[in-house]
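User: I would like to learn how to read strands, chain contacts and backbone angles in a model. Please take them one at a time.

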Amino acid sequence: MKISVVRNILEANDRIAEQNREIFNENSVLVINLMSSPGAGKTTLLEKTIDSLKDDIRIGVIEGDIETTRDAERISAKGVPAVQINTKGACHLDGNMIRDTFNEFNFTELDLLVVENVGNLVCPAEFKIGEDFKAMILSVTEGDDKPGKYPLMFHESKVLLVNKIDLLPYVDCSMEKIREDALKINPDIVIFPVSCKTGEGLDAWFTWLKERVKGKKVAL
Amino acid sequence: MHEMSIVQGLIAIIKEEMDKAKATRLISVRVKIGEMAGILPDALNTAFEIITTQNGMDGAVLNIDISPLTGFCRKCKKGFKVIDYRFSCPDCGVSDIEIVSGREMSIVELEVE
């Protein structure tokens with residue numbers, strides 16, 4: 001017997017993500033799903049962002065890693081609430097894992113929640129967690145061929161931070177090629193070339209992010 | 001790497017549908033996977049074999065249809081095939097387009113007894 005069933009395979013996750021989103025919206029918390037390959041600088045960008053914005057914006061962080069609580073410890077040291085999720089092998093965070101952290105936060109006391117996904121340029125892009133948007137980091141040491149190789153991530157992200165630009169003179173990586181290829185895949189992507197080491201370019205990111213947080217408050 | 005999670009979602013749906021149909025044996029399942037779904041068919045097949053065996057569905061066959069990446073230009077009111085992941089209209093160049101197919105990850109049909 002044949003049964004015709006058209007159902008989205010990820011429907012269970014999408015449903016939970018939607019429930020998460022409702023909770024974030026009720027509390028006017030802007031939620032960012034931050035993604036990159038391992039070592040691109042997600043946690044360092046977060047540290048710099050917290051240092052710059054924590055007097056203006058109440059920030060919380062969910063750290064996703066396969067193992068260890070190192071990242072959550074780094075973020076907690078900055079004086080903001082941080083919860084570590086260890087996926088024990090899974091290559092991405094999903095809606096359910098995010099929901100499981102809700103008891104650890106008081107969302108009425110947050111303006112911005114950043115979810116640092118597991119370092120991986122493929123899988124996290126497929127799993128919604130209830131975020132307002134996805135942001136990604138590409139570091140110049142990874143090479144300028146990455147937008148073409150991992151189009152999904154670039155297509156799904158609202159913002160692209162190109163990190164470690166202080167190293168551009170030492171690596172064969174063209175900022176122009178990254179920009180061109182990323183805009184081909186996603187003509188609306190917002191690009192910030194930055195160096196978390198020297199601080200170059202970060203002010204533009206901070207200003208943009210503050211506007212998004214403000215926008216979420218006004219919208220609701 | 002996330003093909004395991006995808007197959008777990010798939011098996012949950014299959015079980016639900018088999019219960020509804022009072023079926024006891026899964027013969028095959030057909031899924032539609034978009035060209036840009038971030039899924040490797042080989043990895044999906046491997047994950048399917050492992051998880052169906054764990055769930056007493058040994059021997060079930062997974063058929064994968066790949067759906068091409070296509071878009072629709074809201075300005076020209078015309079559909080087009082997205083080539084080389086260029087997400088703008090090949091005729092007028094605007095980016096005001098919608099993706100029509102190529103991002104799917106859905107179950108289409110089950111064959112059961």
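**Strand pairing**

Analyst: In β4(B), K78(B) is the bridge partner of C73(B). This is a predicted model, in which local features need pLDDT of at least 70 and side-chain atom pairs count only at pLDDT 80 or more, while totals for chains, interfaces and linings use all residues. Residues are numbered from 1 along each chain as its sequence is written, and chains are lettered from A and ligands numbered from 1 in the order in which they are written.

User: What does the pairing of β3 and β4 of chain B look like?

Analyst: Strands of a sheet pair through backbone hydrogen bonds, either parallel or antiparallel. Strands (E, at least two residues) and helices (H or I, at least four) are DSSP runs, numbered from the N terminus. Two strands pair if DSSP finds at least two bridges between them. Here β3 (residues 70-73) of chain B and β4(B) are joined by four bridges, in the antiparallel sense.

User: In which order do the strands of this sheet of chain B stand?

Analyst: The order is β4-β3-β5 (chain B), three strands in an open sheet with antiparallel pairing. At the edges are β4 (78-81) and β5 (97-101) of chain B, each with a single partner strand, so one side of each has no neighbour in the sheet.

User: How many residues of chain B are in contact with chain A?

Analyst: Two residues are in contact if their C-beta atoms, placed from the backbone, lie within 7 Å. By that rule, 28 residues of chain B are in contact with 27 residues of chain A. On chain B, the largest share of the side that touches chain A comes from β6(B), with eight residues.

User: Which strand of chain A pairs with β6(B)?

Analyst: It is β1 (residues 2-8) of chain A, antiparallel to β6(B) over five bridges. One of the bridge partners is L110(B) in β6(B), which faces I3(A) in this pairing.

User: Which residue of chain A has a positive phi although it is not a glycine?

Analyst: Most residues other than glycine have a negative phi, and most peptide bonds are trans. K88(A) has a positive phi of about 50 degrees. K88(A) lies in the loop between β4 (82-86) and α4 (95-99) of chain A.

User: Is K88(A) buried or exposed?

Analyst: A residue is buried if 20 or more other C-beta atoms lie within 10 Å of its own, exposed if 12 or fewer, and partly exposed in between; C-beta atoms are placed from the backbone. K88(A) counts as exposed because it has 8 C-beta neighbours inside 10 Å.
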